[in-house]
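Look over the chain first, then read on. The report moves from a surface patch to the overall build and then to the strands.

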Amino acid sequence: MKQGGVTMEVGNDAVAILTISNPPVNILSAAIFDRLKELLIEAMRRDDVKAVVLTGNGGKFSGGFDVNVFERAQKAGDISIIPDVSVELFVNVIEDAKKPVVAAIEGHVLGGALELAMSCHARIAATKTQLCLPELNLGVIPGSGGTTRLPRLIGLPKALEMLLLSRSITSEEGNKLGLVDAVVPSEELLIVSRQWALDITVRRKPWIRSLHRTDKLGSLFEACTVIKKAKLTAKNMPQHQACLDVIEEGVIYGGYHGILKELKVFKELVFQETSKGLVHAFLSQRATTKVPIVNDIGRKPRPVKKVAVIGGGFMGSGIATALILGDISVILKEINSEYLLTGIKTVEANIRGLVSRKELTDDKAEKALMRLKGVLDYSEFKYVDMAIEAVNENIALKQKIFADTERACPPHCILASNTSTIDLNIVGEMTKSKDRIVGAHFFSPAHITPLLEIVRTEKTSPQVILDLMTVAKTIHKVPIVVENCTGFAVNRTFFPYSQCAHLLVNMGIDVFRIDRLIGNFGFPIGPFQLQDLAGYGVAVATTKEFSLSYPDRTFESPLLNLLIQKGRNGCKCNGKGYYVYEKGSKPKPDSSVLPIIDESRRLTNVMLGGKPISVTDEEIVKMILFPVVNEACRVLDDGIVIRASDLDVASVLGMSFPSYRGGIIYWADTIGADHVYTSLDKWSKLYGNFFRPSKFLEERAKRGIPLSAPVSMPSRARASL
């Protein structure tokens, strides 16, 4: 029988197989829970059923609960939209059932799906099954027993690691820990699970109700000591501290008390701003792959098996690392043997770093490095499917490389540039195959930062875009497809970020105060320490490009050039910048930089009346971030991105905007377009055109329209009409 995405079949062995079916990953929903409950009750009632095996269709158990439902509940302010199954289904129907229920799990078993499996009396897993409770990444805690059952199955230390870090483990590790009872090949999963369920009925296998177990918790004193220590080191986020409180409740007062406390706290966390922001960021990230006229009309991606990377510097070596980790062969080209050796050594260091952090096994590291080959000419480019130029931001050099690459590569080869700022039409000016030119803008460090900005010109083929999107997926990057302009979407949106920080410094605000406040807002580091880490050359070069393209709203500070003249080039170059960098200790503000800042202030002469401006900490944060929102509005108005949420994803993954704030546009909407507009308007009258509000922002503010609302017709289209 089939209904609500769940089927039940009773075999000759008297085992009822309940199969969840909701392609592509058998996501759980209210309808599935209702039907699952109905069929389980029926199975318990039937005389021809001795035991139950719960599994998923298509070689996948379940990918967890539908996160879209969280967003619907948050927008409606109605918790009843999220099905409450913790007690009624997971405890009363499954765990307290009079017949054994065994979970046969496979694929990615996440969140609510793992909680469902833990409520069963045994778990049999296929090899390499992934197990994870990632709810804290959404600003909530597990809501169906995860915080109570997991510690009872694998012990507190490992459970805290999985919960607080949203760490995924394999079925093999789960078997060693006690989360999984047996690991078998996929083709044997149902056979073993059926027999295991029957063995429970005759007590050949233990009938385990995990909620009642205490043997892995240790003594009450030991358990409370572990939790107390975790509270001191866990992230200071609402969901992390709440998770520890709930676990403590279950340890002290018993499993059932833990379940009830968990459910109450879960319902409270769903409506906190942290969860709303994280849920928005999560769903926005999944939406970036929906690109009109690219992957919505049945077009198939072409295989990209070998890629040439031109330039083995910091970015080029990082890109090469990302590609070989994704099973793509790489030809790394440099202009001489010395540079080539340095590039290869950098790739090797990147790989070794992943191994030392236990993010990569030695075996996989060796296999990855075997996919790398260094060359000094273009002779082997005739075999590549894509070439990525990753040299310095020098227009003439990039144009020559593109022309040389076009001649050396096969006619199907994608011609990509990693430029972060320069207009692609200028980069590809000397090439004939305009339809193959695309931007592949990686973010530093390229093998770690998860964003890939795919830039298309008016002539870029949709096939090329699809192929590059597929490469992004292969190397575990999140792609956003954007239109061509100076700075593209991400760097253009954020160029006011560092420029306004420099403007405020020249107006008398302390450099280190700005960094501290931006850090308190949620960025990992402030704009000045970021410049130290990136090196000043990139900032100087990109500022020139932005001042040429957007002269009405740029501030050219002399500070970076003064620092360079004084022998300071950031921590990556010579260890000298705004901060003192000493091995083994945190960066410390360098007071010797203050006279250089004073010199910059004398040159710019932007302090009103020659005195530093007086602003609050809150105003400083807004004065740095509201111009970013303002430029984001221009990006939206120009149709540079497909949807506003793409900028949210870009800001979080590319520029480290705090994910719990949802992204730059989402955050601005929580404040209100009117407040952003009136603030910028006030500052523009006090401090000049840098803060002048865009027409798009003004219109949205005055009409009360959210900044995230779709743009009816981009300004480019209006101009052409």
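## Surface patch

Leu220, Ile252 and Tyr253 make up a nonpolar surface patch with about 310 Å² of accessible area together. Patches take residues with over 30% relative accessible area and no salt bridge; like charges are joined within 9 Å, and nonpolar side chains (Val, Leu, Ile, Met, Phe, Trp, Tyr) within 5 Å. A salt bridge is a side-chain nitrogen of Lys or Arg within 4 Å of a carboxyl oxygen of Asp or Glu. Areas come from the Shrake-Rupley method with a 1.4 Å probe, and for residues only the protein chains shown count as cover.

Tyr253 belongs to helix H10 (residues 238-253). Tyr253 counts as exposed because its relative accessibility is 54%. The cut-offs are under 20% relative accessible area for buried and over 50% for exposed, with partly exposed in between (1.4 Å probe, protein chains only).

## Basis and overall build

The model is predicted: local features need pLDDT of at least 70, side-chain atom pairs count only at pLDDT 80 or more, and totals for chains, interfaces and linings use all residues. Residues are numbered from 1 along each chain as its sequence is written, and side-chain values use heavy atoms, without hydrogens and water.

The protein has 30 helices and 20 strands. Helices (H or I, at least four residues) and strands (E, at least two) are DSSP runs, numbered from the N terminus. Of the 721 residues, 56% are buried.

Strand E4 (residues 51-56) has 6 of its 6 residues buried, so E4 is largely enclosed by the rest of the structure. Ala51, Val53 and Thr55 are buried on one side, and Val52, Leu54 and Gly56 on the other. In a regular strand, side chains alternate between the two faces of the sheet.

Two strands pair if DSSP finds at least two bridges between them.

| Strands | Bridges | Opposite residues |
|---|---|---|
| E4 and E5 (residues 101-105) | 3 bridges | Leu54 and Ala103 |
| E6 and E8 (residues 130-132) | 3 bridges | Val109 and Leu131 |

## A mixed sheet

An open sheet of 3 strands runs in the order E6-E8-E9, with mixed pairing. E6 (108-110) and E9 (169-170) are the edges; each has a single partner strand, so one side of each lacks a neighbour in the sheet.
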